[in-house]
Amino acid sequence: MVDLNGTLVLQILNFIVLVLILAKYAYKPLLQTMEERKRRIENDLTSAEQAREEAAALKAEYTAQLQEARKEAQGIIETAKEQAEAESQAQIKELRAQLVKEKEIARQEIEREREKAMQQIRAEVVNLSVQVAGKLIGKDFSSADNVALVEDTIAKLDSTTIRS
Amino acid sequence: MELHAGHHHVVQWMGISFNMDTLYMTWLVMAIIIVVTLLATRSRAMVPQGIQNVMEGVLEGLTGQFKTNLGNQWKFLSSILFTYFLFILVSNELGLIPSPHILASPTNDINTTLGLAISSSILVWIVGLKVKGIGYFKHFVQPFKLFIIINLMEEIAKPVTLAFRLFGNILAGEILLELLYALVPYVLPIVWLAFSLAIGIIQAFIFAMLVTSYLGMTIGDGH
């Protein structure tokens, strides 16, 4: 049962042959595949981490840009508001000035019209007065001398009393 | 009754005897391992499936167990240690397949186990020479010259214990299995068969593990 013989040497040789065959055709390619897979997973993980960091940086950048844009927009709105305010103030001022001017023109117009009316009334009064006086006295009172007399009388009247 | 386990068909060739059944079984084991590993490496997919997955799992597991002891020599030694494990594993389990006295474990022959053990000793010397040069053999006379006796005994005891541990476990398992079949043909042999399957795995692992630790002692400063 425990006899040592030539089998021992053959078994050693068998083992060496098996090691050589397996090392070349089995372990080497298999371990290579495993190593390659390990490397690939490591690479994938590294690149994923890189992508994550890049994304975070981009996000931060975008947020900053957005903030900036918002601030700028606010500024623009503010400026526009101020400008509109100033413009409207100027317009109001101009309008007011225009109104004052027009009021002055109207006042002058009214004054002129009244003056004109007063003159007409005055002429009419003179005529009427001469006619009335003529009728009352019964004599021709409409000569040029009489008209001048009446006009003179009226002119002597307090002009302010008539105007008011 | 006559036991079959442990009896060998001996052939004489040029005055040297050979256990032919052991050799046939060894070649069968080699063929099985080569076929299985080649199947595993055939596709070499990035996402492993089936037999490739199993093979990668085994190699990965062994790597995890053995690599730490061997440092930078691992690349050179890994193929040999993987083969120790796979060869002994398949050899141990081959004898457990029920067959009319055809299949037997090559490891139930002391020639096989001692052959493996001696090759491991030679491997240890080669690695010792590779790592430490000719100075490696100085450890036989350390701490002083008289220790050469103890050191030589240790050097011999290592392969002998490796060989007999494996041989004894497997041969005893097969003998007991045969006896149980003869005495209690039902249930009990199945239980022992299951137990032997586990023993086959454990013995293969122990052998490879011990060779690794001997190598580790040589590479490191174990002496």
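**Figure 1. Area buried between chain B and chain A in the predicted model.** Together, chain B and chain A bury about 3400 Å², and carbon and sulfur atoms account for 74% of this area. B:M46, B:T83 and B:N111 contribute 20% of the area that chain B buries against chain A, more than any other three residues. The contact draws on 48 residues of chain B and 31 residues of chain A.

**Figure 2. Salt bridge and polar contacts between chain B and chain A.** One salt bridge is counted between the two chains. It joins the side chains of B:E56 and A:R37, with an N to O distance of 2.6 Å. Eight residue pairs are in polar contact across the interface of chain B and chain A, both residues of each pair being at pLDDT 80 or more.

**Figure 3. Elements of chain B on the side that touches chain A.** At least two residues each are supplied by β2 (16-19), α1 (20-43), α2 (50-70), α3 (74-94), α4 (110-132) and α5 (148-183) of chain B. The most is given by α1(B), with 11 residues. Sorted by class, this side of chain B comprises 29 nonpolar, 15 polar and four charged residues.

**Figure 4. Packing of α1(A) against α2(B).** Helix α1 of chain A (residues 7-137) packs on α2(B) at an angle of about 85°, and the two axes lie 11 Å apart. The helices α1(A) and α2(B) are therefore roughly perpendicular to each other. From α1(A), the contact is made by A:Y27, A:L30, A:L31, A:T33, A:M34 and A:R37; from α2(B), by B:Q52, B:M55, B:E56, B:L59 and B:E60. These residues divide into six nonpolar, two polar and three charged. Both partners of the salt bridge, B:E56 and A:R37, are among the residues of this helix contact.

**Figure 5. Packing of α5(B) against α6(B) within chain B.** The axes of α5(B) and helix α6 (residues 188-219) of chain B come within 10 Å and cross at roughly 170°. This crossing angle makes α5(B) roughly antiparallel to α6(B). Residues of α5(B) in the contact include B:E154, B:K158, B:R165, B:L166, B:G173, B:L177 and B:Y181. Among their counterparts in α6(B) are B:L188, B:W192, B:I199, B:Q203, B:F207, B:Y214 and B:M217. By class, the residues of the contact of α5(B) with α6(B) are 17 nonpolar, four polar and three charged.

How values were computed
Residues are numbered from 1 along each chain as its sequence is written. Chains are lettered from A and ligands numbered from 1 in the order in which they are written. This is a predicted model: local features need pLDDT of at least 70, side-chain atom pairs count only at pLDDT 80 or more; totals for chains, interfaces and linings use all residues. Side-chain values use heavy atoms; hydrogens and water are left out. Contact means heavy atoms within 4.5 Å. Buried area is the accessible area (1.4 Å probe) that two parts lose on being put together, summed over both. A salt bridge is a side-chain nitrogen of Lys or Arg within 4 Å of a carboxyl oxygen of Asp or Glu. A polar contact is a pair of N or O atoms within 3.5 Å; within protein, one must be able to donate a hydrogen and the other to accept it, and residues adjacent in sequence count only if both atoms are side-chain atoms. Helices (H or I, at least four residues) and strands (E, at least two) are DSSP runs, numbered from the N terminus. Ala, Val, Leu, Ile, Met, Phe, Trp, Tyr, Cys and Pro count as nonpolar, Asp, Glu, Lys and Arg as charged, and the others, Gly among them, as polar. Axes are lines fitted to C-alpha atoms, for helices over the stretch in contact, and angles run from 0 to 180 degrees between N-to-C directions. Angles under 35 degrees count as roughly parallel, over 145 as roughly antiparallel, 65 to 115 as roughly perpendicular and the rest as oblique.
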